[in-house]
Amino acid sequence: MSNQSVAAGVSLAGVMAHCGGSPVGAVRLLVGAIASAPAAPEPYAALAELWQDRRRELKKSLEDDGSLSAVLAQAYFLFLEGDMDNAVMALGSVTGVRPDAAWGAAPWFGDARLLGAVSAAALAEACLRTLDYGHDLDTDEMRERFTPWFHALDVVSERDPAPESLAAMARLPRACGRYELSFALCNRADAVDRVMWTAVARAATWRVMGDLDQAAAAFESALLLDSANWSLYLDLADVRAEQGDFAAAASLVERGLDHEPREVTLRAASAAYRTRLAGSSDDLRALITLAPEIANTTYRNLLIDYACAGPKLPESLVAEAHRIRTN
């Protein structure tokens, strides 16, 4: 949006707020201007004026409104009130819904008052919210839009290096293909204290990069820090399966089952990896029974593919397993 168009939108919002008697309608117009030019200061100045003049009315109208325009406006209003944690988390929610707009370019998001006060925990939660809808962020355009977020991660992680929060933060740059920043956050966390979540974050980054040896080593480090965590055994087993070592995968899953014998994902993985190793019809039947209970269909289908590649399995049973993939 051109500067002239932004100015026109701000002017129209002013008319609607003061002459038309609709401050909420004015907010929607201003948010529309922000969506087209997130870095332009004029819409925020108009929002600040509205908040000062009509705060009680706006607060009541927006508080139960979950629309994107309402949440974005609330993010800025929270900033104006000094509630930096909730402001950042609200912006993360908006970004998760529509990452195609550079919401982080808002002048207030890079403001020293915010970056000097927001907690690492709140920024970590905001980062997770940006990933809620599974949009593809690993493009040059997305990396450009998320540049203010990367700056915020650097500043806040330096000021408030809480290891578990930094491990959560690392998911955003990893999703954007900024692997060096993801590792930098992990290293900064380890300098404070070595925790399981940091090792998991590092393992996930190596895995996305395709370095399965490094991913396995990081998951092994995580297990040293939390040896009773069944999901870590499954994570490492899945990496070993990806490497083609189904004996190690099956053994690791069994160790996970020692800690959580009723976990359906572990039981399904155990059946799949044993089927791949030995061509056991009984194990494949067990997988067929468990498969509908696995919520992650991508993972379910991967286990079925592994199992059906086992030796000397009855064709009818393999066909039954394959039918699950299409349902």
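**Exercise 1. Determine whether Arg-113 is buried or exposed, and identify its salt-bridge partner.**

Solution. Arg-113 has a relative accessible area of 55%. Buried means under 20% relative accessible area, exposed over 50%, and partly exposed in between (1.4 Å probe, protein chains only). Arg-113 is therefore exposed. Its side chain meets that of Asp-111 in a salt bridge, at 3.0 Å from N to O; the term requires a side-chain nitrogen of Lys or Arg within 4 Å of a carboxyl oxygen of Asp or Glu.

The model is predicted: local features need pLDDT of at least 70, side-chain atom pairs count only at pLDDT 80 or more, and totals for chains, interfaces and linings use all residues. Residues are numbered from 1 along each chain as its sequence is written, and side-chain values use heavy atoms, leaving out hydrogens and water.

**Exercise 2. State which parts the pair Arg-188 and Asp-154 ties together.**

Solution. The closest N and O atoms of this salt bridge are 3.5 Å apart. Arg-188 lies in helix H12 (residues 179-192) and Asp-154 in helix H9 (residues 147-159), so the pair joins parts 34 residues apart in sequence. Helices are DSSP runs (H or I, at least four residues), numbered from the N terminus. Arg-188 is partly exposed at 24% relative accessibility, as is Asp-154 at 39%.

Terms used. Helix = DSSP H or I, 4+ residues; strand = E, 2+ residues; numbered from the N terminus.
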